[in-house]
Amino acid sequence: MKRRQFLTGAAGAALISTLPAGAIRAWAQSASGVITFGQSTAVLTLDPAHGAFTGYPGGYEASLLLFDRLLDFDADMKIVPQLAESFAMSEDLKSCELKLRAGVTFHDGTPCDAAAIKFNIERMMNKDINTTNRPLWNPIAGADIVDDKTLVIRTSAPFAQLPNTLAHGSGAIVSPAAIQKSGEAGFAQNPVGAGPYMVEAFNAGQELKLKAFDGYWGDKPGASGVVFKFIAEPATRINAITTGAVDVIDSVPVQLVGQLGGNADVEVVRKPGLRPIGLAINLTRPALADVKVRKALNLAVPVATIAEKVFFGYAKAPDSPLAFDAIGHKTVGETVFDQAQAKSLLAEAGYKAGSDGILEKDGKKLTLSLYVPEGLFPGDVAVAEIVAASLKQVGVDAQITKIEKGAYWDHLRQDKANLAWDLGMFGFNPSNASGTYHLASLFKSNADDNTKPDVWNIGRYRNAEVDALLEKADSAPEEAARMDALGKAQELVWADAPYLWLQINENVSAVRKPVSGVTVMPIVFTNLRAARKA
Amino acid sequence: MPEAVARRRRRPAGRINLFLWLGATLLAAFAVLAVLGERVAPYDPTAQDLFAMLEGPTAAHLFGTDNVGRDILSRIIVGTRFTLSIALASMFFAGIGGIALGSIAGYFGGVTDRVVTGIIDLLLTVPNIVLAIAIAAAAGSSATGLTIAITASFIPPLARLVRGRVIELREEDFIAAAITVGMGHTRILLRHILPNAATVIIIELSLNAGQAVLIGSALGFLGLGVQPPAPEWGTMLGASREYLTVAPHLVIAPGIAISLLVLAFNAFGDGLRDVFDPASRN
Amino acid sequence: MIGFLARRFATIPLVVLGVVTILFIIFKSVPGDEAAFVAGATATQSEIEAVRVQLGLDRPLVEQYARHVSGLVVGDFGYSTTFRGNPLPHIISRLPATLALAAAAIGLTILIGIPAGVLAAAYRNRLPDYLISLSVVGLLAIPNFWLGMLLIAWLSVDLGLLPSFGAGGPASLVIPTLALAARLIALVARMTRGVVIEELRKDYVRTARAKGLSKGLALRRHVLRNVMIPTVTVIGLQAGYLLGGSVVVERLCAWPGIGDLLLTAVSVRDYTLVQGIVMIFVVSFLVINIAVEVLYRFVNPRLRYA
């Protein structure tokens, strides 16, 4: 009798110990509700290799719940472990050793082990499969399995931002078995990951239904399901959350935030973004090659007032070429509005006012062509109009050309000979949060200024010192040295004024009770991973 | 045919003049505003005041201020120029295009007629505004692009009308006589046919002008219009849409302006038609 | 009837081909590198070239045209950058919303326009006539997108009676339908008024009335039958307006039909999608025209054996 009881007891204990920890915790909590998220952009594809340019950030927000990555960003954009328990970059920054978590399975039951991760890394390295986010993946040379729990990722050159790539949305780990089953083309609509939620139904472009994944290794999902609905119209989103049709919305237009303020059930969630908006200055134009002129342009525009008034306080004037929460941001300057000083700088540069009030030099008027897209950046056309009016006040004639969003990038990124703009509105969002990535994308010298820019150095900025500092920021072995170099680079760029710096917008979302745990990340994403619905 | 039925009712003479005079007066008023523009506007239409954004109507600003603090009334006044000139230019060019195509098709008949009519009928299957949108998208956002788009969408119906009238006239005796005498085709067209078609054409253009204003401002509303900061009425309405819940006053002024101008053209065209051609309408 | 229908439907493919050709010419003459648009802003030159080959943009224009048309015949509308593939299924899935709006507008027009016209004719030159005629004049001058905005501001924002935007249940159909139908109602009312006045003057009606028939009965028994002809004609003539007007109204009210999709396509320079939608518009227009002709024959017995 005793033996049998003991055996039963032991068997029982053995049985329980084989169950995933998550399932045990699940018994302790009752089933919770479904969270509905009204998104401003549609989820078109759920394959991390299809970083949908037109569907940003909708797809990424969904993949935050569907997939786990090796590493993750926390609320302050610090890199923390996820599927990898720990990570260590080598001294020469050419490899990273990752210790993997045990007992993780994908939604389809297959194990997420070192082999699966290696498959993923190689898949994303493959230029034919992964055509987007190349700057994040090109430096990676391969992944080697050391043992069951250890993986080493190698890069072809020192690449300090390797952890950022692994934490990026495109670093989502997918199930190799699912790729086998659905094929490369089919996976995007039938994704299988290892995240807290799995796909229940997917109507691309309209609605995505997720349900909680009971086999998740980490914190149990806070809701029984999440539904992503595409609601393009801001007023409709506001309506939907006010009436309770959805629990969460993103991209709340700042002029409508006031409407939500009066509603006791709705909470506004905000976070300064990572995307400074500005007007790129075409440095190939003789008039704009003079730093005095560029500084004058900056002084002429009331950026702080724009941030305060046009964006109702949901924006701030910058103090660096980088956003406040970018990794490596350093305060290097101050946004000043001083039209008197602007005028005197322009006079120093040799400009005199003509009969119509427009400045001229050597018989040529200071007329600038200002390109602005419609609907691509917050308040784009309104801000452009304010800039034009402000510049007019100091004698600079800015002519606005509004381009529809589809054609805008093509106009910006042109060969030198075809650059039609003098000032072009632009904002870059470093989706891996790295300040080095941001600065390098915009300000590292192009290999050849005559052809299209390498990344986003559309104004043809060229400063050898900055290039050297950026190199150091990427490859110096110690983090302190890297951050120091990045800080110095920001100082130099700010002093050169290759942009007419405008505002840095906040990302504003709204959440309805009883949902909690929704955060807004600086990289525009509304993060529902830790959301709970009572 | 149905239009003819409706028109056959006799109107007392006073009614005809009312429409014509009402239309003409309003159009004249708009023309004056278009020409004088900035000189009668209380403020500079591009003067911004970030500390007086989105204010409702007050004594200082009769129609309030917009999203960057500009006076709406001034923008409406100065904006007359855009809407009016685009509408008139479109009608002018559409008239020329329609007359050219329609007379060639109607007069020469045969294969020429079939080809031209075929193309016209094809274009007529595309709704007016869709054609205008497609062309505006290709021609770019500007007053010129807008004019091209609107012109193109009105040429087919005008050409059709002209063709019909030319075919009618072609059968007249005096044309047969002219041909016998040896008069050249061009002369016949220019001296005999077109002058007799003129009435119909002018009436049609006047009636269509109102439509041109509606389509033009619709394109502006959709963002396919002139470049900022130009104060075009349709564009102003489009920009006011996102503020509909917080500043509804933005919507009132441009809409009234558009409606009045369309009303003016419609009344004028109706009045003209009653005077010259009460019984017929293709 | 069958022969007639067959003949009319047979012309549709020809017309569509013609429109496709014209659009092809227009879009190919727009400046800009089509392959670059599709490949996206961050594409390298080699990626753009790859796209160019993939989409066949490096072949001579005539060959591109031939491939294009042969694709259309089997339902392959080409590569749309918005949907990353053939846009046809997506267009078809959004078509019912536009058709619903158009149908509702036609329904409302018949429901309000005809009675209004009859009323105006019955009380000719008296107060109801003046009021209705004035409304007609007003409705023909008001831009439909402005009317829509006013309705939203009043009925939705102020009174909270109706949803402002989007498609969610029958209540959300009200404002877009009103905005779209306004012009049609005015035209039909004006038309009906004229027709009714004309009919009331006719000999047979006068005879009946002389014999003691009341005005109301005269109206109902004789006149109304003849009203349908011009009404159907007007709606047919305005089919273009109905389809085109839906573009603006859909954008304003965020109604998820193909009109709204057309504008999205234009803003992102997705010419394949633009063309696909224009083709659907053309086909719809032609079908409506045929339907009008069929109705015409039913309503007008004299034509039935034509």
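Helices (H or I, at least four residues) and strands (E, at least two) are DSSP runs, numbered from the N terminus. By that rule, chain C reads α-α-α-α-α-α-α-α-α-α-α-α-α along its sequence. This is a predicted model: local features need pLDDT of at least 70, side-chain atom pairs count only at pLDDT 80 or more, and totals for chains, interfaces and linings use all residues. Residues are numbered from 1 along each chain as its sequence is written, while chains are lettered from A and ligands numbered from 1 in the order in which they are written.

**Confidence**

- The predictor gives the complex an ipTM of 0.85 and a pTM of 0.82.
- pLDDT is the predictor's confidence in each residue, from 0 to 100. Chain B averages 84, and 92% of its residues score at least 70.
- Chain C has a mean pLDDT of 82, with 88% of its residues at 70 or more.
- Among the elements of chain C, helix H6 (residues 127-141) has the highest mean pLDDT, 91. Helix H2 (residues 34-39) of chain C has the lowest, 71.
- In chain B, pLDDT stays under 50 over residues 1-9. Two residues are in contact if their C-beta atoms, placed from the backbone, lie within 7 Å. The model has 21 contacts beyond four places in sequence for residues 1-9 of chain B.
- Where pLDDT is low, the predicted coordinates should not be read in detail.

**Chain B**

- Chain B has 10 helices and zero strands.
- Its C-alpha atoms fill a box of roughly 75 × 45 × 35 Å along the principal axes.
- A residue is buried if 20 or more other C-beta atoms lie within 10 Å of its own, exposed if 12 or fewer, and partly exposed in between; C-beta atoms are placed from the backbone. Of the 282 residues in chain B, 51% are buried.
- Take contacts in chain B between residues at least 6 apart in sequence: 72% join residues at least 24 apart.

**Chain C**

- Chain C has 13 helices and zero strands.
- Of its 306 residues, 44% are buried.
- Among contacts in chain C between residues at least 6 apart in sequence, 71% join residues at least 24 apart.
- Helix H8 (residues 171-201) of chain C has 31 residues. H8(C) reaches 42 Å from its first C-alpha to its last, close to the 45 Å expected at 1.5 Å a residue. The expected span is 1.5 Å times one less than the number of residues.
- H8(C) has a kink of about 45°, centred on Ala181(C). The bend at a residue is the angle between axes fitted to the seven residues ending there and the seven starting there.
- H8(C) is mostly covered, with 26 of its 31 residues buried.

**Where chains B and C meet**

- The contact takes 33 residues from chain B and 42 residues from chain C.
- On the chain B side, helices H1 (2-7), H5 (128-139), H8 (185-221) and H10 (252-276) each supply at least two residues.
- H5(B) gives the most to that side, with seven residues.
- By class, the chain B side has 23 nonpolar, eight polar and two charged residues. Ala, Val, Leu, Ile, Met, Phe, Trp, Tyr, Cys and Pro count as nonpolar, Asp, Glu, Lys and Arg as charged, and the others, Gly among them, as polar.
- H5(B) has 12 residues and reaches 16 Å from its first C-alpha to its last, close to the 16 Å expected.
- H5(B) is mostly covered: 11 of its 12 residues are buried. Among them are Asn128(B), Ile133(B) and Ala138(B).
- Gly140(B) follows H5(B) and has a positive phi, near 95°.

**Nonpolar cores**

- A nonpolar core is a set of buried Ala, Val, Leu, Ile, Met, Phe, Trp, Tyr and Cys residues joined through C-beta atoms within 7 Å.
- The largest nonpolar core has 163 residues. Leu279(A), Leu370(A) and Val387(A) have the most contacts inside it.
- Helix H13 (residues 380-393) of chain A gives the most to this core, with nine residues.
- Val387(A) touches Leu279(A), Val301(A), Leu370(A) and Ala398(A), not counting residues up to four places away in sequence.
- Apart from this core lies another, of 155 residues, among them Ile120(B), Phe154(B), Met149(C) and Ala239(C).

**Asp47(A)**

- Asp47(A) lies in the loop between strand S1 (34-39) and helix H3 (58-66) of chain A.
- Asp47(A) counts as buried because it has 25 C-beta neighbours inside 10 Å.
- Asp47(A) touches Phe187(A), Ala188(A) and Pro191(A), not counting residues up to four places away in sequence.
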